[in-house]
Amino acid sequence: MESRTTEPASGEQLDVAPERVVLRFSESVDVSDDAVEVLTAGGDRIDVGDPGHLDGERSSVAVDLPDLSDGTYVVSWRVLSSDSHPVSGAFTFGVGDAGPRRAALRRVAPVRDGVLRPGRRVEQCGELTAAGTASCLWS
């Protein structure tokens, strides 16, 4: 299973902040209350809405966002595939005058229990690239 698309797209630079984050997968997924986490470039957690399936489509996950300021954001996600194995990943996007994305990358840590944690470099599951993508898969 893989994440097919994200809204906003990985590495996308937006003029206006999105109202929500949407992840679309190649198969149905189960979603927990902490399935999606959004962090600022400084590593601060953003309070987001409860994640759920977009329009009842079990191969998608959506979470509403508060009003976001200009900056770079890291979205970390973790879901269970239809055969019950955990899948997680992360991507970045920018809003307005976000500045260099590298600032966000230095403040994000390895995926632990499926959620990126602020404070350390990404070492496990590969580093986030300048384009802002990372993905981990456990089977």
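Arginine 24, at 31% relative accessibility, counts as partly exposed; in this scheme, buried means under 20% relative accessible area, exposed over 50%, and partly exposed in between (1.4 Å probe, protein chains only). The structure is a predicted model, in which local features need pLDDT of at least 70, side-chain atom pairs count only at pLDDT 80 or more, and totals for chains, interfaces and linings use all residues. Residues are numbered from 1 along each chain as its sequence is written, and side-chain values use heavy atoms, with hydrogens and water left out.

Arginine 24 forms a salt bridge with glutamate 7, and the closest N and O atoms of the two are 3.1 Å apart. A salt bridge is a side-chain nitrogen of Lys or Arg within 4 Å of a carboxyl oxygen of Asp or Glu. Because arginine 24 lies in strand E3 and glutamate 7 in strand E1 (residues 3-7), the pair ties together parts that are 17 residues apart in sequence. Glutamate 7 is also partly exposed, at 36% relative accessibility.

A search of the whole structure finds three salt bridges. One of them joins arginine 58 to aspartate 30, with the closest N and O atoms 2.6 Å apart. This pair links distant parts of the chain, 28 residues apart: arginine 58 is in the loop between strand E6 (45-46) and E7, and aspartate 30 is in strand E4 (residues 29-30). Arginine 58 is partly exposed at 38% relative accessibility, and aspartate 30 is partly exposed at 39%. Arginine 45 forms a salt bridge with glutamate 37, where the closest N and O atoms are 1.9 Å apart. Here arginine 45 is exposed, with a relative accessible area of 54%, whereas glutamate 37 is buried at 6% relative accessibility.

The chain as a whole contains one helix and 12 strands. Helices (H or I, at least four residues) and strands (E, at least two) are DSSP runs, numbered from the N terminus. In sequence order the pattern is β-β-β-β-β-β-β-β-β-α-β-β-β. Of the 139 residues in the chain, 43% are buried. The accessible surface of the chain comes to about 7,300 Å², and 42% of it belongs to carbon and sulfur atoms; these areas come from the Shrake-Rupley method with a 1.4 Å probe, and for residues only the protein chains shown count as cover. Among contacts (heavy atoms within 4.5 Å) between residues at least 6 apart in sequence, 59% join residues at least 24 apart.

The largest nonpolar core has 21 residues, and Val36 and Phe93 have the most contacts inside it. Strand E3 (20-25), strand E5 (36-40), strand E7 (60-64), E8 and E9 each supply at least two residues of this core. A nonpolar core is a set of buried Ala, Val, Leu, Ile, Met, Phe, Trp, Tyr and Cys residues joined through side-chain atoms within 4.5 Å. Apart from neighbours within four places in sequence, valine 36 is in contact with Leu23, Val48, Pro51, Val61, Val63, Val75, Ser76 and Trp77.

Histidine 85 lies in the loop between strand E8 (71-81) and strand E9 (86-95). Histidine 85 is buried, with a relative accessible area of 17%. The side chain of histidine 85 makes a polar contact of 2.9 Å with that of serine 81 and a polar contact of 2.5 Å with that of aspartate 83. A polar contact is a pair of N or O atoms within 3.5 Å; within protein, one must be able to donate a hydrogen and the other to accept it, and residues adjacent in sequence count only if both atoms are side-chain atoms.
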